[in-house]
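This report examines the pockets of one protein model and the residues that line them.

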Amino acid sequence: MMDRRQFLKSTASAAVLTGLGTLSQRSFAQGAPIKVGLLAPLTGVVASGGREMVEGTQFYFDSIGNEIAGRKIELIIEDDASNPDTALQKARRLVEQANVDFLIGNLLANTGLAVANYVKSNGTPYFIPIIAADDLTQRQRIKNVVRVAGYSASAFTHPLGDWALKQGYKRIATISQDYTFGHEQCGGLAQVFTEGGGEIVQQFWHPLNTADFSPYLGQLANMKIDAVFAMETGADATRFIQQFASFGLKGKIPVLGAMNATDQSVIRTLGDECEGIVSPAHFAEGSTVPVTKKFVDDYTAKYQKIPSLYGFSMFSGAMWVSEAIKAMGGKIPSKEALVDAVLKTDLAGSPLGTTVKLDAYGNPIYDVYIRKVMKRPDGKFWNVPTETYKNVSQFWTYDPETYLKQPPYSRTFQGIKKG
């Protein structure tokens with residue numbers, strides 16, 4: 001695994017360019033490489049996830065010999081520093097100086113939105129396997145921003161709300177980081193759950209990087225609820241799960257987590273306190289599907305860790321774009337042609353073991369697993385699928401036109417049906 005200095009060294013050396021001209025001119029040049037601009041947070045609050053993004057991308061390109069249809073791949077990595085201003089600066093550098101064929105990556109929504117607003121004006125293909133802001137493939141869709149191998153934030157919590165109802169849960173409280181990603185994941189669950197007759201008893205919102213969850217846990221302990229939904233990422237997820245168990249609530253109140261709450265990047269640092277948490281996602285590293293198992297085994301052998309959603313998503317995103325370019329014979333005649341090719345490509349060979357298609361808005365339609373954190377024989381924990389919802393759209397079972405007329409999920413709009 002590369003350390004930060006190696007990442008930055010490879011980035012600096014890759015940025016020494018020889019002026020191959022515009023995208024359309026370079027596309028047919030004999031021997032010209034396909035230039036890929038990867039944006040990832042290699043410094044800042046989510047640097048560990050950024051490194052796994054790079055690993056997943058490199059893992060895929062290595063698996064195909066670093067070439068597509070006979071053309072070499074030149075991967076140019078830039079550190080967005082978990083900062084939207086830096087992300088915009090680096091995106092400009094990749095497009096206007098490095099002349100990349102496309103951009104891929106970013107992790108935090110604010111960095112992704114900054115880059116999306118930039119490419120909106122110039123048409124550069126921008127592929128987002130991780131950025132989950134709902135409206136990028138809904139109300140504020142930009143055609144050249146495509147969520148290959150990605151997901152909208154509320155897409156997987158819609159089926160989780162349905163699953164909770166089927167367990168007989170009637171009363172749920174939610175606790176979430178107070179920003180758009182949290183609002184949207186909570187909203188997806190809350191709307192489906194309350195429309196089915198459930199009640200959201202209370203919603204707790206807390207700032208990012210909360211050190212002490214005891215004020216919230218004390219209130220949860222005194223509530224008459226059937227479960228709690230926790231929308232937590234990174235260090236907040238680790239602290240919430242640890243403190244929930246320390247407070248004596250584990251085993252008393254079932255925990256439903258957002259997919260990121262039980263991601264490998266979180267649970268690989270935890271012990272028994274994470275066991276039993278249920279979460280929804282399209283990828284379950286504990287799946288017995290042969291192609292998924294092979295991916296997990298190969299990734300673990302190479303990087304000495306079970307793959308996270310970050311590594312898996314970037315691996316699959318790189319595969320999706322590569323398959324589209326392969327279908328064009330390795331030629332990229334224009335930005336528009338690449339975007340159109342990707343939108344028309346169905347991904348058949350991903351580690352999911354199923355064929356994944358994009359909807360009319362550029363968002364994938366997945367089989368969604370309801371997963372449970374379980375202990376492996378070696379003592380490590382992973383997410384094992386227990387139930388599957390087939391062909392889940394970002395619009396769930398709603399008519400898209402009708403759904404898009406409601407406001408986006410926010411702290412003030414959670415889609416909750418009253419009484």
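## Basis of the description

A pocket is here an open set of grid points with protein on both sides within 12 Å along at least five of seven lines, and its lining residues have an atom within 4 Å of a point. The model under discussion is predicted.

## The largest pocket

The largest pocket has a volume of about 750 Å³. Its lining comprises 31 residues, and those nearest the centre are Val 46, Leu 108, Thr 233, Gly 234 and Tyr 310.

Several helices contribute to this lining: helix 3 (47-63), helix 5 (109-122), helix 9 (234-246), helix 10 (264-267) and helix 12 (309-327) each provide at least two residues. Helix 9 makes the greatest contribution to the lining of the largest pocket, namely five residues. By class, the lining of the largest pocket consists of 17 nonpolar, 11 polar and three charged residues.

## The second largest pocket

For the second largest pocket, the volume is about 270 Å³. A total of 18 residues line this pocket, with Pro 254, Val 255, Glu 275, Gly 276 and Ile 277 lying nearest its centre.

At least two lining residues of the second largest pocket come from helix 9, and at least two from strand 10 (255-257). Helix 9 supplies the largest share here, with three residues. The lining of the second largest pocket contains 11 nonpolar, two polar and five charged residues.

How values were computed:
Residues are numbered from 1 along each chain as its sequence is written. This is a predicted model: local features need pLDDT of at least 70, side-chain atom pairs count only at pLDDT 80 or more; totals for chains, interfaces and linings use all residues. Side-chain values use heavy atoms; hydrogens and water are left out. On a 1 Å grid over the protein atoms alone, a cavity is a set of points where a 1.4 Å probe fits but cannot get out, and a pocket is an open set with protein on both sides within 12 Å along at least five of seven lines; lining residues have an atom within 4 Å of a point. Grid points are joined across faces, edges and corners, and a volume is the space filled by probe spheres set on the points. Helices (H or I, at least four residues) and strands (E, at least two) are DSSP runs, numbered from the N terminus. Ala, Val, Leu, Ile, Met, Phe, Trp, Tyr, Cys and Pro count as nonpolar, Asp, Glu, Lys and Arg as charged, and the others, Gly among them, as polar.
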